[in-house]
Amino acid sequence: MQQWIVEFTVDTPAGPKLMVESYYLPTVGDVRNEISKRGGSVLTIRPHERSAFERWMARSSWWQVQLLRGIQFRSTVTSPGVALWRLIQSETNPRRQNILSPAREALSRGLGVIDALKALNIFDHGTIAILAASERSNKLMEGIPHAIQSITQKRKNRRAIIGTMSWVGFDILTIVQGMFWGKDKIIGWFRSNVPSDPDELEKYNLVVGRLEFLWGFLTWLAVAMMAFLVWAIFSFWNNRGKKDWPTARIVRKIPLIGAYLRDLGFSDSTAAAARMLRGRVPIADVLSQASEATTLPEVGDYWLRAREELTRGVGLGAALDRDPLTKGERMELAGITDLDQVATVMDSISDMRSQSSKTRHSLIVWMAFGLSGVYLVIAFGSAIYALTVMNMSLDSMMGGLMGGGGEGGGE
């Protein structure tokens, strides 16, 4: 499905009239058919593209929460679909009207409230899965607070990730600046303070050459890390909501970060599964919806494989008892006998994964801090080591740097 902006003309008693409207339909051909039914002639059809500000507004967790609360408030006296329709009709902000137009088109074509919310393309897979599960059990009003809680929790997680990435980025940027400044200064000082003795000169040039190579390698390593960090942040923002893409696959291969993302994925999907089970949603649908509650293919495949095993007649506990669950989680699942127990175990797994993700997040922060310290130790320690090898003092080097370079040579 795609939102299209259509310019067309219709015949009126006063003559042809130019009209511009938006349609939410699969293809250009479907749009032309709709215009033909109205007796119009198509002039132009173009895909709707949101402005940068509209994309930012649509992806704002604050605005998503306000939208869900608006539906919840209006659903006390009418159905959720009608509540969403009235909410859209009451919106007066042009930008928000533009964002909500796909949902209006979906509702006008007779689609349900979940399809309309999917058409907005602003909610992540986990939120849609929670809402869809609640709607299937006829408890959408009860599911909206859970969806809001999920959005709020993910906002906290996102802020934690942004804080971590910002710290790492600042750390790398500072190192890059220090290395670019220090490399020319220090290496230049060494080059301008060569010894006069030929034997000492050969040893001197060898040590300085190795130091220059090491600092060049460290400098470009820091530049490459900074470039990768910027590229990864941009790619994750640009591909937000997608299941998989090249950058995500690369990031998931980083051991600690991959495990952190997997914990978040299992926390979201098991929480959604528990809510669906308590809402008496059929177990096959629960497993399918749980796979949609995460963007991690590894977690999604876990639920789909479990569903496949279940259709073959394997017991529910055995179907769920598989990698990449931990040994403790698998032991809990192995002893289940009814769906109520499964929901309780799923909630327990969700809590454990959530705590595990917080622990890994703290570990990532401290590891980034530690690695930056090791980097600096290697960089400046190598310069100090070179001084000791060449029997120079740190005071003479710093004095030369502050004074613009000395004239004396090494001993």
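Visitor: What are α4 and α6 to each other?

Guide: In this predicted model, α4 and α6 are oblique to each other. The angle at which α4 and helix α6 (residues 113-120) pack is about 40°, and their axes are 9 Å apart.

Visitor: OK, and which residues in α4 and α6 meet?

Guide: On the α4 side they are P80, G81 and L84, and these meet V113, A116 and L117 in α6. Sorted by class, this contact of α4 with α6 has five nonpolar residues and one polar residue, with no charged residues.

Visitor: What about α3 and α4, at what angle do the axes cross?

Guide: The axes of helix α3 (residues 61-74) and helix α4 (residues 80-90) cross at roughly 120°, coming within 8 Å. That angle makes α3 oblique to α4, and the crossing of α3 and α4 is right-handed.

Visitor: And which residues in α3 meet which in α4?

Guide: From α3, L67, G70, I71 and R74 take part, and they meet P80, A83, L84, R86, L87 and S90 in α4. By class, the contact of α3 with α4 has six nonpolar, two polar and two charged residues.

Visitor: Switching to α11, how many of its residues are buried?

Guide: Helix α11 is mostly covered, as 18 of its 24 residues are buried. The helix runs over residues 255-278 and reaches 35 Å from its first C-alpha to its last, which is close to the 34 Å expected at 1.5 Å a residue. Just after α11, R280 takes a positive phi of about 65°.

Visitor: Is R275 buried, partly exposed or exposed, and why?

Guide: R275, which is found in helix α11, is partly exposed because its relative accessible area is 27%. Leaving aside its neighbours within four places in sequence, R275 is in contact with I130, H146 and Q149.

Visitor: How far apart in space are R275 and D347?

Guide: From C-alpha to C-alpha, R275 and D347 are 8.7 Å apart in space, although 72 residues separate them in sequence.

Visitor: Last one, T247: buried or exposed?

Guide: T247, whose place is in helix α10 (residues 246-252), counts as buried because its relative accessibility is 3%, and the cut-off for buried is under 20%. Apart from neighbours within four places in sequence, the contacts of T247 are W231, A232, S235 and F236.

Terms used. Residues numbered from 1 in each chain as written. Predicted model: local features only at pLDDT ≥ 70, side-chain atom pairs only at ≥ 80, totals over all residues. Heavy atoms only, no water. Axes fitted to C-alpha atoms, helices over the stretch in contact; angles between N-to-C directions. Helix = DSSP H or I, 4+ residues; strand = E, 2+ residues; numbered from the N terminus. Parallel < 35°, antiparallel > 145°, perpendicular 65-115°, else oblique. Left-handed = near helix turned anticlockwise from the far one by under 90°. Contact = heavy atoms within 4.5 Å. Nonpolar A, V, L, I, M, F, W, Y, C, P; charged D, E, K, R; others polar. Expected span 1.5 Å × (residues − 1). Buried < 20%, exposed > 50% of the residue type's maximum accessible area, 1.4 Å probe, protein only.
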